[in-house]
Amino acid sequence: FSLVALLYCELHGLRDVQAVWSARDAVTPITCQPHPQNNGKLVHAMCDLSNFALFHDFVGLRRLSPKSVTGVRLVRHVQVYQWHEDYSVKYRTDFVHGGLVTENDYTYSKIWSYTFENSDNFVKPTTCALTRNHGAPCENFDPAKQPWWKHGPDLLQLGHFEVGKSEQVKFGDFDLPLEFVNQIGQVPTTLRPLCDFPLWSSGDEWCDVIVNSSQSVRVHEQYIHYLRVENRTVPLTTDAPGDVRLRYTLHSADTATVLAQQIENRSFAPWLPHADMDEATNIFVIRDEWAGADALIEDALTINEYSKWFVRGGTLLVAFVASAIAVASSTQLLDLSTPLRNG
């Protein structure tokens with residue numbers, strides 16, 4: 001079995017070496033202007049990005065400067081504050097019957113979560129009430145059932161959602177395919193919203209109470225807090241089950257590097273190292289800022305660490321052999337020239 005595994009790794013590594021070297025030989029550095037002679041070629045370039053979208057018409061962003069809300073993609077993150085049940089498995093010795101007995105130890109805490117947890121399904125609600133909530137029930141409030149959830153300043157959903165995108169981003173004079181647009185801005189910027197609904201006062205932290213005083217809205221740092229007012233037992237500045245908070249992240253970049261096939265003298269598509277290779281094994285990569293072609297090739301072909309060392313070892317071996325041949329040739333020439341000088 002070990003020999004079979006070793007043979008598989010060697011063959012896999014050899015295939016990766018061939019694919020990487022084939023891609024390296026095929027790479028054509030280009031400028032940021034399309035040229036017909038590069039159609040069908042594997043091209044590599046770093047260019048400025050442009051033609052971004054203005055994400056101004058969203059709750060909390062309307063009072064921000066246009067520059068701060070301009071980018072490629074806008075993602076909204078919404079969480080609910082709630083009771084959370086967790087458990088750990090414990091083992092104890094059964095001295096009566098012998099062996100080990102398995103027990104689940106349930107614990108409870110309040111957390112911010114992207115998914116709603118129904119407190120009716122808690123295994124030990126009494127334990128939560130007595131140990132964590134001064135005897136009161138540990139009750140979670142589904143935000144989707146609150147009156148302000150559907151009729152508030154914005155239609156909300158728990159989780160991460162892309163709420164805006166520029167679908168016509170330019171890479172120099174190239175049109176970026178949508179697959180590349182979705183990858184721009186790997187390190188997003190977190191926006192800091194301001195109150196803009198339904199009325200904002202002289203301060204930027206507290207927004208007006210809306211929907212018959214069933215909810216209050218507060219902006220604090222990166223979050224917009226939708227506070228549940230009804231039957232609230234803690235101050236509005238303290239998190240309570242049923243509260244919802246929202247934040248935005250803006251994905252963008254000034255420049256990017258592309259390694260892909262140029263098509264139609266204006267855009268990019270996947271490039272295959274060999275015609276007989278699986279279509280999943282292609283090169284179609286974009287990275288923020290600058291990235292070298294060799295590193296992008298290895299990433300695009302999902303080369304594992306074993307194969308990377310195989311590739312690098314092969315490259316070093318070729319370089320060593322070439323150097324040895326050069327040194328041997330030089331030595332031979334010196335040996336031939338010595339008698340001439342002596343003569």
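The model is predicted: local features need pLDDT of at least 70, side-chain atom pairs count only at pLDDT 80 or more, and totals for chains, interfaces and linings use all residues. Residues are numbered from 1 along each chain, and side-chain values use heavy atoms, without hydrogens and water.

Strand 5 gives the most to the patch, three residues. Strands are DSSP runs (E, at least two residues), numbered from the N terminus. Leu100 lies in strand 6. It counts as exposed because its relative accessibility is 63%; exposed means over 50%, buried under 20%, partly exposed in between.

The largest nonpolar core has 23 residues; Leu61, Leu74, Leu191, Ile224, Tyr226, Leu246 and Tyr248 touch the most other members. Such a core joins buried Ala, Val, Leu, Ile, Met, Phe, Trp, Tyr and Cys residues through side-chain atoms within 4.5 Å. Strands 5, 11, 12 and 13 each supply at least two residues of this core. Strand 13 gives the most, four. Another core, of 20 residues, lies apart from it and includes Val72 and Phe268.

Gly242 sits in the loop between strand 12 and strand 13. Gly242 counts as buried because its relative accessibility is 0%.

Note on methods
Buried means under 20% relative accessible area, exposed over 50%, partly exposed in between (1.4 Å probe, protein chains only).
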